[in-house]
Amino acid sequence: MNEKDKAKVENVIQDIGKVHSKMSERESYKSFLSFSHKTFSDNGAVSAKNKDLIAIGIAIAINCDPCVLFHIRNAFMHKATEEEILEAIEIGYEMGGGPAVIKSSFAFKVLDYYNEFGKIY
């Protein structure tokens with residue numbers, strides 16, 4: 001992984017942290033986080049790992065780099081394999097078309113980052 005790609009991933013990690021820091025005491029943000037935690041919990045018919053794999057595909061289709069990073073991280077935390085993540089990225093391609101393919105390069109930077117540095121923020 002080159003330094004430019006590493007910096008991009010780390011900048012997105014920092015940006016997520018800044019948003020959380022600024023918004024963490026706001027009731028609307030707390031409600032969103034509660035909703036998110038419940039949505040992505042391991043309770044229900046779909047496992048937490050599979051929920052994050054679904055979200056990776058959606059994040060690719062809607063071109064949300066912070067979402068890609070967050071859900072790849074969570075998928076790894078739930079013991080997803082790189083092959084499972086790659087299939088989720090492919091689903092994003094199908095749903096998002098050509099633009100999703102081109103914009104997915106960030107997902108590969110995130111995969112390289114976690115494979116090389118093993119950092120889970």
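## Starting point

Helices here are DSSP runs of H or I with at least four residues, numbered from the N terminus. That matters below, as helix labels turn up in the charge story. Keep in mind that this is a predicted model.

## The negative patch

Let's begin with the surface. Glu 3, Glu 82, Glu 83, Glu 87, Glu 90, Asp 112 and Glu 116 come together as a negative surface patch. Two elements, α5 (82-103) and α6 (105-117), each put two or more residues into the patch. Helix α5 gives the largest share, with 4 residues.

What about Asp 112? Where does Asp 112 sit? Its place is in helix α6. With a relative accessible area of 40%, Asp 112 is partly exposed. Residues need over 30% relative accessible area to be in a patch, so Asp 112, at 40%, clears that cut-off.

## The disulfide

Now for the cysteines. How many disulfides does the structure hold? The count is 1, and the partners are Cys 64 and Cys 67, with an S to S distance of 2.2 Å. As a reminder, a disulfide is a covalent bond between the sulfur atoms of two cysteines. The link of Cys 64 and Cys 67 is right-handed, with 60 degrees about the S-S bond.

Are these two cysteines buried or exposed? Cys 64 has a relative accessible area of 18% and is buried, because the cut-off for buried is under 20%. Cys 67, on the other hand, comes in at 26% relative accessibility, so Cys 67 counts as partly exposed.

Conventions. Residues are numbered from 1 along each chain as its sequence is written. This is a predicted model: local features need pLDDT of at least 70, side-chain atom pairs count only at pLDDT 80 or more; totals for chains, interfaces and linings use all residues. Side-chain values use heavy atoms; hydrogens and water are left out. A disulfide is a pair of cysteine sulfur atoms within 2.5 Å. Buried means under 20% relative accessible area, exposed over 50%, partly exposed in between (1.4 Å probe, protein chains only). Patches are made of residues with over 30% relative accessible area and no salt bridge: like charges are joined within 9 Å, nonpolar side chains (Val, Leu, Ile, Met, Phe, Trp, Tyr) within 5 Å. Accessible areas come from the Shrake-Rupley method with a 1.4 Å probe; for residues, only the protein chains shown count as cover. A salt bridge is a side-chain nitrogen of Lys or Arg within 4 Å of a carboxyl oxygen of Asp or Glu. Lys and Arg count as positive and Asp and Glu as negative; His and the chain ends are not counted. The place of a charge is taken as NZ of Lys, CZ of Arg, CG of Asp or CD of Glu.
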